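Work through the exercises below with the sequence and the structure at hand. Try each task before reading its solution.

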Amino acid sequence: MPDRMLQFTHVSQHQPEKRAAEARREDFDEIYRDFAVAEASAQSSRCSQCGVPFCSVHCPLNNNIPDWLKLTAEGRLDEAYEVSAATNNFPEICGRICPQDRLCEGNCVIEKGFESVTIGAVERFVTDYAFAQGWVKAVSPREELSQSVGIVGAGPGGLAAAEELRRRGYQVHVYDRHDRVGGLLIYGIPGFKLEKEIVLRRWKLLEEGGITFHLNTEVGRDVTFAELRARHDAVLVSTGVYQARDIGGPGSGLGGIVKALDFLIASNRKGLGDEVPDFESGVLNAAGKHVVVIGGGDTAMDCVRTSIRQGAASVTCLYRRDKANMPGSMREVKNAEEEGVKFMWLSAPEAFLGDEHVAGVRAVHMRLGLPDASGRQSVEVVQGSHFTVKADLVIKALGFDPEPLPALWAQDALDVTRAGTIKIDHRSFETSLPGVFAAGDIVRGASLVVWAVRDGRDAAAQIHAYLQPSARQGFLAAAA
Ligand code: FAD
Ligand code: SF4
Ligand code: SF4
């Protein structure tokens, strides 16, 4: 066991072993193997214990990374778990799916010259190990409070808030239109990034902690928002963003052109053992097909890699900017390339070809132009550069906008931005409706799991301050 830190000069970086691409193509299992205790310890010992840890500064949860790395290096894994869990409700999930190259690891000071500490892999290891040892327990409030909080949305934002509020003793009720807990963790993100068992064991633990879930309950359909406000002392809206951006043009109404989330939900449900008629019939199944995915974000990457695993004849990704300007994580692009996905950068669809069912995509090459008002390079068509890609399944992965909640919930007084996200006071997390708070993607727009967790935790603290005047006074005094 290493007896000191700063080992980065002679212990080189090792991420957990990645399964061979050929094997990965055959199943939906996670692609990285687990660290063994000795590996996690050795990798943690590379940390130089920075006085100003930029890794923590760039982690949305400001995790105490050097502390749990040191404890892991010393083999004090129970303490490492406690420190890690103190700032993150789902460390094993963030350790798996955060884009670490853009967050903690990308800002690790030893990155330049020695490659970063494998922060995400250690974070995942510590909590997986804690689960295996039985150290991860359901929350157990010191006292029961009579006040109740209703949370709309069982994604990571809603779940983090639920756990934090329950810890403080509130009666917590989470409403979700789906039949399972997890939001995009269960039905969006595929098993090869996050195995479903990891999400299901958290659901079980939250229930054991006394959180009540009302599943198959769509607010605005099965229960009105007004009823929910009357039922609870405070309400948190964490509904995420689900209105898929569409694509027009000739042929865009042909059969075989599907939305990314419909495709991913069908695949995830199938993996969970559900009957999925649209999967069985082939409508939402890539087996044997030439698949074209349009888009360059995380959703597009999940669609191309799911198609490969379903046995597609070919998988092509069309993205209108270049590789360097892709919003998706570079690590995921690399994984997709290894698994056999063909990327066509600087390419945009113009028309979908076919009679009733799509048979091909006519696309055109693009070039990058001058930066626009947002600083991002604009794109322009290269005239006369048309080409056709064979396709019998086209998956649209162009991003998501919020659903029009004020109209859907008959809440004209709920203020939203021009983009449709809910407006909040960024200190109190309160919306324009008294006692109604909001967090996660529905406030930020499509973002990351780790940000939803952060927002859920912060919103829970603010709801507590709102419900407990004494807590509020303490909070205001601390802020003064
Ligand atoms: P969500 O996870 O969207 O949960 C919202 C919940 O609200 C859902 O369960 C929904 O059913 C429910 N709901 C909505 N409306 C209602 C209603 N009216 N009544 C009842 N329930 C309702 N982030 C990462 O960090 N890493 C990744 O690798 C990654 N990959 C992604 C892959 C895909 C395909 C997608 C789509 C997103 C990905 N993201 C990733 C983004 C991440 O999943 C989201 O930022 C995060 O889940 C947002 O959390 P949330 O709690 O705000 O919302
Ligand atoms: Fe890094 Fe995400 Fe973990 Fe923060 S939560 S330390 S960003 S992997
Ligand atoms: Fe350790 Fe890197 Fe964080 Fe510094 S920036 S404390 S070396 S993990």
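For sorting residues by class, Ala, Val, Leu, Ile, Met, Phe, Trp, Tyr, Cys and Pro count as nonpolar, Asp, Glu, Lys and Arg as charged, and the others, Gly among them, as polar. The model is predicted.

**Exercise 1.** Sort the shell around ligand 1 by class, and name the residues that come nearest.

Solution. 
Step 1. The shell has 15 nonpolar, 13 polar and seven charged residues.
Step 2. Of the 35 residues around ligand 1, those that come nearest are Ile97, Asp176, Lys193, Val219 and Tyr242.

**Exercise 2.** Which helices each supply at least two residues of the shell around ligand 1, and which gives the most?

Solution. 
Step 1. The helices are α9 (156-167), α15 (298-310) and α19 (449-467).
Step 2. With three residues, α15 gives the most.
Step 3. By domain, at least three shell residues come from each of domain 2 (148-241 + 402-479) and domain 3 (248-399).

**Exercise 3.** Find polar contacts of ligand 1, taking pairs of N or O atoms within 3.5 Å.

Solution. 
Step 1. Tyrosine 242 places a polar side-chain atom 2.6 Å from an oxygen atom of ligand 1.
Step 2. At aspartate 441, a backbone N or O atom is 2.9 Å from an oxygen atom of the ligand.
Step 3. For arginine 177, a polar backbone atom lies 3.1 Å from a nitrogen atom of ligand 1.
Step 4. Ligand 1 taken alone exposes 1,000 Å², and the protein buries 97% of that.

Note on methods: Residues are numbered from 1 along each chain as its sequence is written. Chains are lettered from A and ligands numbered from 1 in the order in which they are written. This is a predicted model: local features need pLDDT of at least 70, side-chain atom pairs count only at pLDDT 80 or more; totals for chains, interfaces and linings use all residues. Side-chain values use heavy atoms; hydrogens and water are left out. A residue is near a molecule or strand if one of its heavy atoms lies within 4 Å of it. A polar contact is a pair of N or O atoms within 3.5 Å; within protein, one must be able to donate a hydrogen and the other to accept it, and residues adjacent in sequence count only if both atoms are side-chain atoms. Accessible areas come from the Shrake-Rupley method with a 1.4 Å probe; for residues, only the protein chains shown count as cover. Helices (H or I, at least four residues) and strands (E, at least two) are DSSP runs, numbered from the N terminus. Domain bounds come from an automatic or database domain assignment.
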